[in-house]
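Visitor: Hi, could you walk me through a few backbone and packing details here?
Guide: Happy to, let's have a look together.

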Amino acid sequence: MGDVSFHDMQGFHDPSWDQAFTILLQLRDNLTRDELQTVMDEGTPQGLRFTAMFDGQTCVAIAGWRLFANTHLKRVLYVDDLCVDASRRSQHYGHQFIDELRRRAIELGAHAIDLDSGVQRFAAHRFYMDNDFRISSHHFRNIL
C-alpha cells in the first residue's frame with residue numbers, strides 16, 4: 001500500500017466515478033449508471049454520500065453511507081455499500097476504510113456504525129466481526 005487517501009464524491013459527474021463505479025459493480029452487479037444516478041438523485045437529499053478510497057491514483061474501494069437518527073441509538077452512521085476491489089482484498093484496505101468511517105462517525109456525533117450484509121456473504125461477516133462489529137438484530141424484508 002502506498003499513499004492512501006479518501007475522496008468524497010460530489011455527484012455522479014465526479015471523475016472519481018470512472019474508477020469507483022467498476023468497484024461498486026463488484027458488490028451491486030446488476031446496477032446500471034442510470035440506476036445509480038436515480039439512487040443518488042433521491043438519496044442525496046436523504047444524506048446519502050459516497051466516499052472512494054485511493055491508493056495513489058488508483059481507486060481501491062468505495063463506500064456509500066449516510067448519517068441518520070433513530071429512537072434506538074439516536075445518531076447512526078449507516079453504511080449502504082462497502083466494497084474493496086476484489087484484486088485488493090486481504091491487503092488491509094478494508095480495515096483502513098472502516099477506521100475512516102469510524103473516525104467520521106465519531107466526528108459527526110454518531111453512537112454507532114450500522115450496516116446490513118447478505119446472509120450468504122460469509123467472508124464479509126468474518127471481516128466485519130474482525131473489525132468489532134456484532135450481529136445485533138435480524139433484518140426483515142417484505143418485497144412489494
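**Backbone and helix packing**

Guide: Let's start with Ser-90, which sits in the loop between S4 and helix H3 (93-107). Keep in mind that this is a predicted model.

Visitor: Which strand is Lys-74 in?
Guide: Lys-74 belongs to strand S4, which covers residues 74-84. Its phi is near 70°, again a positive value in a residue other than glycine.

Visitor: How accessible is Lys-74?
Guide: Lys-74 is partly exposed, because its relative accessibility is 49%.

Visitor: Switching to helices: at what angle do the axes of H1 and H2 cross?
Guide: At roughly 100°, and the axes come within 12 Å. H1 spans residues 17-27 and H2 spans residues 33-43. An angle of 65 to 115 degrees counts as roughly perpendicular, so that is how H1 lies to H2.

Visitor: Which residues meet there?
Guide: From H1 you have Trp-17, Asp-18, Phe-21 and Leu-24, and they meet Arg-33, Leu-36 and Met-40 of H2.

Visitor: How many of the residues in the contact of H1 with H2 are nonpolar, and how many charged?
Guide: The contact has 5 nonpolar and 2 charged residues, with no polar ones.

Technical notes: Residues numbered from 1 in each chain as written. Predicted model: local features only at pLDDT ≥ 70, side-chain atom pairs only at ≥ 80, totals over all residues. Heavy atoms only, no water. Helix = DSSP H or I, 4+ residues; strand = E, 2+ residues; numbered from the N terminus. Buried < 20%, exposed > 50% of the residue type's maximum accessible area, 1.4 Å probe, protein only. Axes fitted to C-alpha atoms, helices over the stretch in contact; angles between N-to-C directions. Parallel < 35°, antiparallel > 145°, perpendicular 65-115°, else oblique. Contact = heavy atoms within 4.5 Å. Nonpolar A, V, L, I, M, F, W, Y, C, P; charged D, E, K, R; others polar.
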